[in-house]
Amino acid sequence: MKFRSGTAVGAAVLGIAGLLVAASPADAQARAARWLLVYEHDDFKGRSAQLSANDSNFINNYWPGSGASINDNISSFRNQGDQRAVMYSDANYTGAAYSALAHSVDSDLTHNSHNPSNFDNVASSVRFVI
Ligand SMILES: [Ca+2]
Ligand SMILES: [Ca+2]
Ligand SMILES: [Ca+2]
């Protein structure tokens, strides 16, 4: 009996999820596609901020609730979106580029194998690409 009731609840949840997907406008899908969470310290610690659009200069982006800029201060990230996020060491998408694959994480931007070897505390702009 327990198993059967659990199955019924699961089916009900799936039905609701299906309705939500069908009702989602295109702009909601775009928001989901671009969803980069950046953190002040390694291992997703310290303050965090969300980036969901191209941004040519982090100088005016602040850790929420503070006056401290995220510029040159990002040390780890979670890319929860469907698009690759390319972070650049300089403003206006210039300088060294770090490619954060869709649905990927990096707990320590100091040591990287397929990107600039040290990208700790240098990111200054981000552009999302499919
Ligand atoms: Ca900015
Ligand atoms: Ca940092
Ligand atoms: Ca920089």
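Mentor: Donors are N, O and S atoms within 2.8 Å of the metal (3.2 Å for Na, K and Ca), and water is not among the atoms, so sites may look incomplete. Keep in mind that this is a predicted model, where local features need pLDDT of at least 70, side-chain atom pairs count only at pLDDT 80 or more, and totals for chains, interfaces and linings use all residues. Residues are numbered from 1 along each chain as its sequence is written, chains are lettered from A and ligands numbered from 1 in the order in which they are written, and side-chain values use heavy atoms, with hydrogens and water left out.

Trainee: Which atoms are the protein donors of the calcium ion (ligand 2), and what makes them donors?

Mentor: They are Glu 40 (O), Asn 73 (O), Asn 73 (OD1), Ser 75 (OG) and Asn 121 (OD1), lying 2.3 to 3.0 Å from the ion.

Trainee: How are the donor residues spaced in sequence?

Mentor: The spacing reads E-x32-N-x1-S-x45-N. Glu 40 sits in strand S1 (residues 36-41) and Asn 121 in the loop between S6 and strand S7 (125-129), so this pair ties together parts 81 residues apart in sequence. Strands are DSSP runs of E, at least two residues, and helices are runs of H or I, at least four, both numbered from the N terminus.

Trainee: Why is Glu 40 called buried, and what is Asn 121 called?

Mentor: Buried means under 20% relative accessible area, exposed over 50%, and partly exposed in between (1.4 Å probe, protein chains only). Glu 40 has 11%, so Glu 40 is buried. Asn 121 has 30%, so Asn 121 counts as partly exposed.

Trainee: What about Asp 106, buried or exposed?

Mentor: Asp 106, in strand S6 (residues 104-106), has a relative accessible area of 12%, so Asp 106 is buried.

Trainee: Which residues does Asp 106 touch, not counting those up to four places away in sequence?

Mentor: Phe 44, Ser 76, Phe 77, Tyr 98 and Asn 112, where contact means heavy atoms within 4.5 Å.

Trainee: What makes the pairing of the Asp 106 and Tyr 98 side chains a polar contact?

Mentor: A polar contact is a pair of N or O atoms within 3.5 Å; within protein, one must be able to donate a hydrogen and the other to accept it, and residues adjacent in sequence count only if both atoms are side-chain atoms. The Asp 106 and Tyr 98 side chains come to 2.5 Å, so the distance qualifies. The Asp 106 side chain also reaches the backbone nitrogen of Asp 108 at 2.9 Å.
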